[in-house]
Amino acid sequence: MRALVAAGVLLLSACSAAQDAVDAEVRQTAEQVINTVVERNFPGVNAAPVSNCVVDNATTGEILTVAKAAVTGIDEETVTTVLDIAKRRDTLECIARNGIALLG
């Protein structure tokens, strides 16, 4: 029985590690798309800190929507999603903490 429990724990750990790797890859892809959106809409702004704040305050669905633009191309839905997330209070506070005056 102990061997079965140990095997189950190892399997769950492996699944968790694989899921974490996928989550990190999707997040990184979304950040790259957000960087592009920020650079296009706000020239001269350091996009990386803004992207981090946007991803940190996005839902899983929003992150997936933004990340898919890396394959399908950035469209109006992508831009709208990024800007909607950027306007949220928590996102604006994050941006302000990072010293970025962007969205007045």
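Is arginine 88 buried, partly exposed or exposed, and what is its relative accessible area? Arginine 88 is partly exposed, with a relative accessible area of 29%. The close-up views below are drawn from a predicted model.

**View 1. Arginine 88 and glutamate 62 form a salt bridge.** The closest N and O atoms of the two residues are 2.4 Å apart. Arginine 88 sits in the loop between helix H4 (76-86) and helix H5 (89-97), whereas glutamate 62 belongs to helix H3 (residues 60-72), so the pair ties together parts that are 26 residues apart in sequence. Glutamate 62 has a relative accessible area of 17% and is buried, because buried means under 20%.

**View 2. Arginine 27 and aspartate 56 meet through their side chains in a salt bridge.** The N to O distance is 2.5 Å. Arginine 27 is part of helix H1 (residues 2-41) and aspartate 56 is part of helix H2 (residues 47-56), so this pair ties together parts that are 29 residues apart in sequence. Arginine 27 is partly exposed, its relative accessible area being 29%. Aspartate 56 also counts as partly exposed, at 47% relative accessibility. The pair belongs to a network of salt bridges that links Arg27, Glu31 and Asp56.

**View 3. Lysine 68 and glutamate 77 make a salt bridge.** Their side chains meet at 3.8 Å, N to O. The relative accessible area of lysine 68 is 43%, which makes this residue partly exposed. Glutamate 77 is likewise partly exposed, with 43% relative accessibility. Over the whole structure, the search finds 5 salt bridges, one of them being this pair of lysine 68 and glutamate 77.

**View 4. Helices H2 and H5 cross at roughly 150°.** Two packed helices are described by the angle between their axes and the distance between the axes. Here the axes of H2 and H5 come within 9 Å and cross at roughly 150°. That makes H2 roughly antiparallel to H5, because angles over 145 degrees count as roughly antiparallel. The crossing of the two helices, H2 and H5, is right-handed.

**View 5. Residues of H2 and H5 are in contact.** On the H2 side the residues are Val50, Cys53 and Val54, and they meet Thr91, Cys94 and Ile95 of H5. Sorted by class, the contact of H2 with H5 has 5 nonpolar residues, 1 polar residue and no charged residues.

**View 6. Arginine 97 belongs to helix H5.** Is arginine 97 buried or exposed? Arginine 97 counts as exposed, at 63% relative accessibility. The C-alpha atom of arginine 97 is separated by 9.8 Å from that of cysteine 53, and these two residues are 44 residues apart along the chain. Cysteine 53 is one of the H2 residues that meet H5.

View 7. Threonine 29 counts as buried, at 17% relative accessibility.

Conventions:
Residues are numbered from 1 along each chain as its sequence is written. This is a predicted model: local features need pLDDT of at least 70, side-chain atom pairs count only at pLDDT 80 or more; totals for chains, interfaces and linings use all residues. Side-chain values use heavy atoms; hydrogens and water are left out. A salt bridge is a side-chain nitrogen of Lys or Arg within 4 Å of a carboxyl oxygen of Asp or Glu. Helices (H or I, at least four residues) and strands (E, at least two) are DSSP runs, numbered from the N terminus. Buried means under 20% relative accessible area, exposed over 50%, partly exposed in between (1.4 Å probe, protein chains only). Axes are lines fitted to C-alpha atoms, for helices over the stretch in contact, and angles run from 0 to 180 degrees between N-to-C directions. Angles under 35 degrees count as roughly parallel, over 145 as roughly antiparallel, 65 to 115 as roughly perpendicular and the rest as oblique. A crossing is left-handed if the near helix is turned anticlockwise from the far one by less than a right angle, and right-handed if clockwise. Contact means heavy atoms within 4.5 Å. Ala, Val, Leu, Ile, Met, Phe, Trp, Tyr, Cys and Pro count as nonpolar, Asp, Glu, Lys and Arg as charged, and the others, Gly among them, as polar.
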